[in-house]
Amino acid sequence: MHKMMLRTLLVGWGWGLSVAPVLAGPIAIDYLSAFIAAPQLNSNALEDTRVGFGFNEFEAAGLAVAFTHRLDANHYGSVTWTVTNATGQNLADVRFFGFLDAEIDELTTSAFNEYGTLRRVDGAGASDPNPDYWEIDEPGFSFGDIYTNLLAGALDNANAVPAGSTWDVSLALGFQVGDLLVDQRLVATFEISDQDIGGLSHTDAFSNTTLFFNGSVQVQSATRIPEPHALGLFGLGLMGLANAVARRAARTRSRTYPGRRIAVRTE
Ligand SMILES: [Ca+2]
Ligand SMILES: [Ca+2]
Ligand SMILES: [Ca+2]
């Protein structure tokens, strides 16, 4: 059996098990995650996967997370992560990332006739909500380094799948957040649109269907000041953090992109 056929069949089989994706329109979301990095958290970024079989590491590290989406049947719309710093310690030099592995017209043209384009990523560091870093790459089944870069908390600001070099496309945006103090929360919203909203875009070379991916991250002030009697919780929080870090360190040595198609990519 041709590997493309096998891949399509396996994706179709996996569809019913997946978290959210449905092939209603031309856009399928194969994998959608957020990553957060800070020196106080871990040497690798922590991941929170909302579509696909990935990792949910925020809560174990003391980051309370709420996720909402307003995606329509065609998978256009927005998703929002609200992440509260409940670690008991202030976080500095926080970076936040959104990662989207989508496919366009997959059942008719496969995921391999697609390319990405940098539209506009011009954030000014932590002082504004706009993205500061970006990456367009093959998602990590073969040559792409985007997933390992996300784990490292540093995107390469390069397009490895431009027009004329079509392949499987994934997109990532990164944000300098700065400080996330105890009990402060960040609100990260990512938009998937058929209109040019800046950020990055992803196009099927046959149908010319294009999705645009952009986002914003803002820190909101703490809603309460920690009280002295809460100090006892700090130690517990740090213990939990240490455990999470140890577990993560053991796992990341062999960690690769966990998208569901990894078993069928052989080239
Ligand atoms: Ca396609
Ligand atoms: Ca890359
Ligand atoms: Ca893709």
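The legends below describe several close-up views of one predicted model.

Residues are numbered from 1 along each chain as its sequence is written, and chains are lettered from A, with ligands numbered from 1, in the order in which they are written. In this predicted model, local features need pLDDT of at least 70 and side-chain atom pairs count only at pLDDT 80 or more, while totals for chains, interfaces and linings use all residues.

**View 1. The protein chain with its helices and strands.** The protein chain holds 4 helices and 11 strands, where helices (H or I, at least four residues) and strands (E, at least two) are DSSP runs numbered from the N terminus. Of its 267 residues, 41% are buried; a residue is called buried if 20 or more other C-beta atoms lie within 10 Å of its own, exposed if 12 or fewer, and partly exposed in between, with C-beta atoms placed from the backbone.

**View 2. The largest nonpolar core and the surroundings of Phe96.** A nonpolar core is a set of buried Ala, Val, Leu, Ile, Met, Phe, Trp, Tyr and Cys residues joined through C-beta atoms within 7 Å. The largest one has 56 residues, and those touching the most other members are Phe35, Ile36, Phe96, Phe97, Leu150, Ala172 and Phe213. Strand S1 (residues 27-37) gives the most to this core, namely 9 residues. When neighbours within four places in sequence are left aside, the residues in contact with Phe96 include Ala34, Ile36, Phe175 and Val217, a contact being two residues whose C-beta atoms, placed from the backbone, lie within 7 Å.

**View 3. An open sheet of 5 strands.** The strands follow the order S2-S1-S5-S8-S7 with antiparallel pairing, and two strands are said to pair if DSSP finds at least two bridges between them. Strand S2 (46-51) and strand S7 (133-137) stand at the edges with a single partner strand each, so one side of each has no neighbour in the sheet. Within the sheet, strand S5 (residues 91-104) pairs with strand S8 (residues 170-180) in the antiparallel sense over 8 bridges, and Phe97 has Gly174 in S8 as its bridge partner.

View 4. Most residues other than glycine have a negative phi.
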